[in-house]
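Please keep the sequence and the structure in view while going through the numbered points.

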Amino acid sequence: MKIARLLASTVLLAAVAAAPTPAIAAPADVRVDVDTRAGLATVGDVALGVNHAIWDSQLGTPEVSGLLKDAGVSMVRYPGGSYADIYHWRDHTAPGGYVAPDTDFDTFMAGARRTGAQPMIIANYGTGTAQEAADWVRYANVTKGYGAKYWTIGNENYGNGHYGSAWEADEHADKSPKEYAATVTAYAQAMKAVDPTIKIGAVLTMPGNWPDGIVGTGDQGSWNQEVLTRAGSVIDFVDVHWYPGGSSAADTLTKNGHIQDAAFLLRRQIDTYAGTNAGRITISMTETNVDIGRNTQPGALFLADVYSGLLAQGVFTVHWWNVHNGIGTVSEVAGQTDYQDFGLLSSGNCNASVCQPPLNTPFAPYYALSMMGDFARPGDRFIGTGTDNALVSTHAVRRANGDLAVLLINKDPDAARTVALNYHGFTPAAGTPTVATFTNGAHAVSSASTGSASAQTLPPYSISLLTLHSANPAAAPAAPGRLTSTTTDRTATISWPAGAAGLKYEVYRQNNGVAEQLGETTSTSFTVRNLEPGRRYTVNVVARDGSGRASAASLPLTFVTGTPADAPCTVKFRDTNDWGNGYVGAIDITNKTASPITGWTLTFAWPTTWQSLGSGWNAVWTADGRTVRVTGDSPLAPGATTNVGFVGNYSGPNVLPEAFTLNGNVCKSE
């Protein structure tokens, strides 16, 4: 026995001596922050959507329904984009367009039910009537009992020629947003008379996309302003589309940076123009896609990034265009054949020299959608994230059971990225996480236990999803309720409903994945001081009990501070003529003091990186990065007003400046 043990020990020592030295992990080149204290929107039950079209012969087939169900699709849109404005549901015709066999409404609904998805139905505005739409509601929800909840009035109806471009059918003599709003009102009244539980959506434009900001001939405001002002009281949601374009795949993959500002502007438009109780109006995004790499990895990366970004900002459903579409101009993108097909699934057709893969073969964006189905589940809460490298995007959700799911997107087509993950308000449990990954050219999502909660290596052009358990899964207090605020130029008083007895509340400002604590209180309100005038802030409140256990963050509250009422100057800033990627701005500057102001300089900053100064007049205009200075030679007498003007350019949501200083003094903005 002793000899046997000795021999065994000798063999063991030899094996240990011969074992290779463990590889040293590559140093991280990207920092990622994930902060549970920075709560964003909750994932709803129809978050992941796609478009179905009546010209698609595969609409509603069991194979397609199965693929969509496997991907986690929870909403399907019918009858398909611009076809909606020529489609008549009763006889299943679309004069001027092709209707494939076996694509009628009942077939669509059978497919939706097999998918486990709710329908988003587009009522025909362009060539239909309110009565036709009301009859459709009656058939769907009374006769058939489908329970179809969401109904949009028309599709891209601003494309009816009113602003010059005409691709959308519209038989109304008046093509204005005023007429659209009046007709939406008539449709909503007729449709809700049949089923008052349905939700009615009106078509708007995505801020930063044509014809956003343009005021048509005879109109009092832009399309969005007119529609919201006139029909806001009868609608339940607004419907927008987003095809951001881009000069290259790399450029397209930067467009997710527009989402937060676009959502902010759209929400502000709703709150400003839609009247009483505008907060009830939600937002849907029922079409998006890319121009480059539609079937390959750029499309997949874009889908994961943009679905996540929009859902995090409170858009209740996001839809890819389309399930099937057909072959286009074939090219090579990142080493893969791209058929320039808008579809998630192959149509199996050919051009003169190239054929697509067999019918219903998933393209790369389908796998990204399936990863979204695993990532953003109903009831999950998006939370704040940040990254210090523009080629890596990150999103995260907190699950109801306390788990954390983190989505990491490497947009570099050539190089892997090593990521250091930092958590705030969350401690991951020990152990190697399971990571799902979709890489360039793959035909499936792979899964493996790899890396750690704090370090992951991302393959080039990839999407990775890791799920982490909490090291502290004990029950915690309920999250605080809806926040409200009252603001001045330098302060904001945040209030919320009372929770359980004995709680302490912590107030946080969102800040690129590392929330800044602004203070704490045992009360149900807190006044934040020393804020900057004209600045946008997003805050959350976390409740903590006597044992130190923290709640999930409240839903976010975004507010903009004002400007001082007793300022020595006032500024009135106006967008006087907009053409979709530029505008003429006018600024009135008034001296509110009792003394003349000589040698004055007005200073302001562009809120985004995609805004710039073209030219200016009535003063000397200079720009240094995002800072603009306007210098006048003529004295500004007490009580006098001077006007200056400029041409501004933009290539994304045009967030206008909120704060101006005159010779270093903050002016009151009017």
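The charged end of which residue sits over the ring of Phe-264?

1. The model is a predicted one: local features need pLDDT of at least 70, side-chain atom pairs count only at pLDDT 80 or more, and totals for chains, interfaces and linings use all residues. Residues are numbered from 1 along each chain as its sequence is written, and side-chain values use heavy atoms, with hydrogens and water left out.

2. The residue asked about is Arg-536, whose charged end lies 3.8 Å from the centre of the Phe-264 ring. A charge sits over a ring if NZ of Lys or CZ of Arg is within 6 Å of the ring centre and within 35 degrees of the ring normal. Arg-535 is placed in this way over the ring of Tyr-537, at 5.6 Å from its centre.

3. Thr-538 belongs to strand β25 (residues 536-544); strands (E, at least two residues) and helices (H or I, at least four) are DSSP runs, numbered from the N terminus. Thr-538 counts as buried because its relative accessibility is 13%. Buried means under 20% relative accessible area, exposed over 50%, and partly exposed in between (1.4 Å probe, protein chains only). The side chains of Thr-538 and Thr-558 make a polar contact of 2.8 Å. Such a contact is a pair of N or O atoms within 3.5 Å; within protein, one must be able to donate a hydrogen and the other to accept it, and residues adjacent in sequence count only if both atoms are side-chain atoms. Beyond its neighbours within four places in sequence, Thr-538 is in contact (heavy atoms within 4.5 Å) with residues including Tyr-508, Gln-510 and Pro-556.

4. In soluble globular proteins, nonpolar side chains tend to be buried together. A nonpolar core is a set of buried Ala, Val, Leu, Ile, Met, Phe, Trp, Tyr and Cys residues joined through side-chain atoms within 4.5 Å. The largest one here has 109 residues, and Trp-151, Met-191 and Met-372 have the most contacts inside it. Helix α9 (residues 297-312) gives the most to this core, with 10 residues. Apart from it lies another core, of 22 residues, among them Trp-600 and Trp-621.

5. Not counting residues up to four places away in sequence, Met-191 touches several residues, among them Ala-133, Val-137, Trp-151 and Ile-200. Trp-151 also belongs to a cluster linked by ring pairs, which includes Tyr-78, Trp-89, Phe-105 and Trp-136. Rings of Phe, Tyr and Trp (its six-membered ring) pair if their centres lie within 6.5 Å. The count comes to 41 aromatic pairs.

6. How many salt bridges does a search of the whole structure find? The search finds 22, a salt bridge being a side-chain nitrogen of Lys or Arg within 4 Å of a carboxyl oxygen of Asp or Glu. One of them joins Arg-417 and Asp-29 (3.9 Å, N to O). Arg-417 lies in strand β15 (residues 417-424) and Asp-29 in the loop between α1 (2-18) and β1 (30-42), so the pair ties together parts that are 388 residues apart in sequence. Asp-412 is linked with both of these residues in a network of salt bridges.

7. Arg-138 forms a salt bridge with Asp-135 (3.1 Å between the closest N and O atoms). Both residues lie in helix α4 (residues 130-143), three residues apart, about one turn of the helix. Arg-138 is partly exposed, at 37% relative accessibility, whereas Asp-135 is buried, at 18%.

Key:
Rings of Phe, Tyr and Trp (its six-membered ring) pair if their centres lie within 6.5 Å; planes under 30 degrees apart count as stacked, over 60 as edge-to-face and the rest as tilted.
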